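Q: I have a new structure to get to know. Can you walk me through it?

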Amino acid sequence: MAKRKTIIRGGKIVNIAKHRADAADILIAGDTIVEIGKPGMAAPADAIVIDARRRLLHPGLINAHTHGHGNLAKGMGDRWTLELLLTAGPAISGNRTLDDKYLTTLIGAAEGLLKGCTAVYDLTVEFPMPSVEGLQACAQAYADAGMRAVVAPMVADRTFFEAVPGLMERLTPGLQKDVERLRLAPYKTSVKAIRKALKAWNYDHDLVRPAVAPTIPHHCSDEFIADCVRIARDFDVAMHSHVSESKLQVIAGYKRYGKSLTSHMDDMGAVGPNFTVAHGVWLDDDDMKRLGDKGASVAHNPGSNMRLGSGLADVIGMLRRKVNLGIGTDGANCSDNQNMYESMRLASMVSKVRGPDIADWLTTDQILEAATVGSAKALGFEGKLGRIEKGYKADIVFLDLDSINWIPFNDPVNQLVHTEDGTSVDAVMVGGKMVVENRKLVNVDLAKLAKQAETARARLEAINKPNRLLYDKLEKTVASYCSGLCKEPLHIHRYGAPLGSHSHGHKHKHH
Ligand SMILES: [Zn+2]
């Protein structure tokens, strides 16, 4: 069968480096861009014609870090640190059926597509361990919506309470017993389940591919991480972990390993070009250098970092040490939406608010590169996704230039990062096929989705009530214990030196 041909005529294509957008025609064969030429260029007679006049075309945004399981929890909490969010986990995403797992993932895919995102790195969790059917349900949701995805089972063999040094001892005997029932599967059982799911994977790897995600280094035994590294190698898949997202993680890491979490992961053989650090808010200079030298990525999620009070990541420091930078939204359970335009805008703001020296500020083109090419590399799609260029997959967003965000049109790159909020998205193409057209999803019925979501939400709220009550009982102790632990200065852990002897404080770093 001949490949389906499409020609997009007259759209203005964003040129990131030049901050320009000139009109051009794009010829697509199957799922790939085969030619870009002057408006009116010759095309095969049987090519489908798409009129893109008054449209700005940009490469589909790529979300380098999210959690499909979080979409049923948007807007559930307010004053949550990462540690309180983890404590609330069973209350907000407990007792999910297979249908719930599909539904929550589909909600995120639908939102992402409507807001100009064409591929995501989804770290998805199942209790007490991943399953073949659960991972297939997530993958199927993306396949049905028409979105590309990397689906990584997010795993651990220690609960949050076991992972934070000293926390368990702080709980009353009654609460210790309560959190006992949150115990995760032994790592060998989880490893077996992951291997089984990866062997059974029957989706086109260019559309929906698997990966593996030891959730947070110190939530996993060394044996578990070593097995995850082996799985990544055996199945040639990527690996993703939350590293130094919060200050508490850094302190927990030093207490457990006597070194930074990045050093620990590096010593475990995890750090390489297929490894992504989520957040990295508290990475030190040596951590960044290790990641950069080994070609690893950081998924920067400024919205989540502010929402959870995790801090402001030193992204310019990462770029200077050659870390590959991707941008993400994080899960809707801690960012409340899946809007990559907002993530880009916040990435710009966070880089600026850290200090007054503009040499340390990210540029809008660095940010747009990160949200396209950088994220593509983190997902393992380097050279295939992230650009509107010959040889790349035809993942293209069509913005309406008559939308208020583009009146007037001054600079396409600055306006994509600082002005656009998703409301100009008119159409979205993934692999040469329209998945959003006239501002509507092609493959998802939103009214039906809303009904299903309400039914699931009500059922889960009722069934998770005991988990909610347990959270209420734990909140005070967890909050005070964790904030107390965070008062410890990092100097002591990092350098064994007393506070004030060296000016290596995170917020005062200079380069
Ligand atoms: Zn995350």
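Predicted model: local features only at pLDDT ≥ 70, side-chain atom pairs only at ≥ 80, totals over all residues.

Q: Which residues coordinate the zinc ion?
A: His65, His67 and His242 do, each through NE2, at 2.0 to 2.2 Å. Donors are N, O and S atoms within 2.8 Å of the metal (3.2 Å for Na, K and Ca); water is not among the atoms, so sites may look incomplete.

Q: What spacing do the donors follow along the chain?
A: The pattern is H-x1-H-x174-H. His65 sits in strand β6 (residues 61-66) and His242 in strand β10 (residues 238-243), so this pair links distant parts of the chain, 177 residues apart.

Q: Are His65 and His242 buried or exposed?
A: Both are buried. Buried means under 20% relative accessible area, exposed over 50%, and partly exposed in between (1.4 Å probe, protein chains only).

Q: Zooming out, what share of the chain counts as buried?
A: Of the 511 residues, 59% count as buried.

Q: How does the radius of gyration compare with a compact globule?
A: A compact globule with 511 residues would have a radius of gyration near 24 Å; the chain has 23 Å, which agrees. The radius is taken over C-alpha atoms, and the globule rule is 2.2 Å times the number of residues to the power 0.38.

Q: What does the C-alpha trace span?
A: About 75 × 50 × 40 Å along the principal axes.

Q: Where do the contacts go in sequence?
A: Among contacts between residues at least 6 apart in sequence, 77% join residues at least 24 apart. Contact means heavy atoms within 4.5 Å.

Q: New topic. Which peptide bonds are cis?
A: One joins Phe127 and Pro128, with omega about 0°. Another runs from Ile407 to Pro408, with omega near 0°. Most peptide bonds are trans.

Q: Where are Pro128 and Pro408 found?
A: Pro128 is in the loop between β7 (117-124) and α3 (132-145). Pro408 lies in the loop between β14 (396-400) and α17 (412-418).

Q: What about phi of Asn95 and Asn438?
A: Asn95 has a positive phi, near 55°. Asn438 has a positive phi of about 50°. Most residues other than glycine have a negative phi.

Q: Last one: where does Arg53 lie, and what is Arg53 in contact with?
A: Arg53 lies in the loop between β4 (48-51) and β5 (55-59). Arg53 counts as exposed, at 58% relative accessibility. Leaving aside neighbours within four places in sequence, Arg53 is in contact with Arg9 and Gly10. The C-alpha atoms of Arg53 and Asp400 are separated by 9.2 Å, though these residues are 347 apart along the chain.

Methods: Residues numbered from 1 in each chain as written. Heavy atoms only, no water. Helix = DSSP H or I, 4+ residues; strand = E, 2+ residues; numbered from the N terminus.
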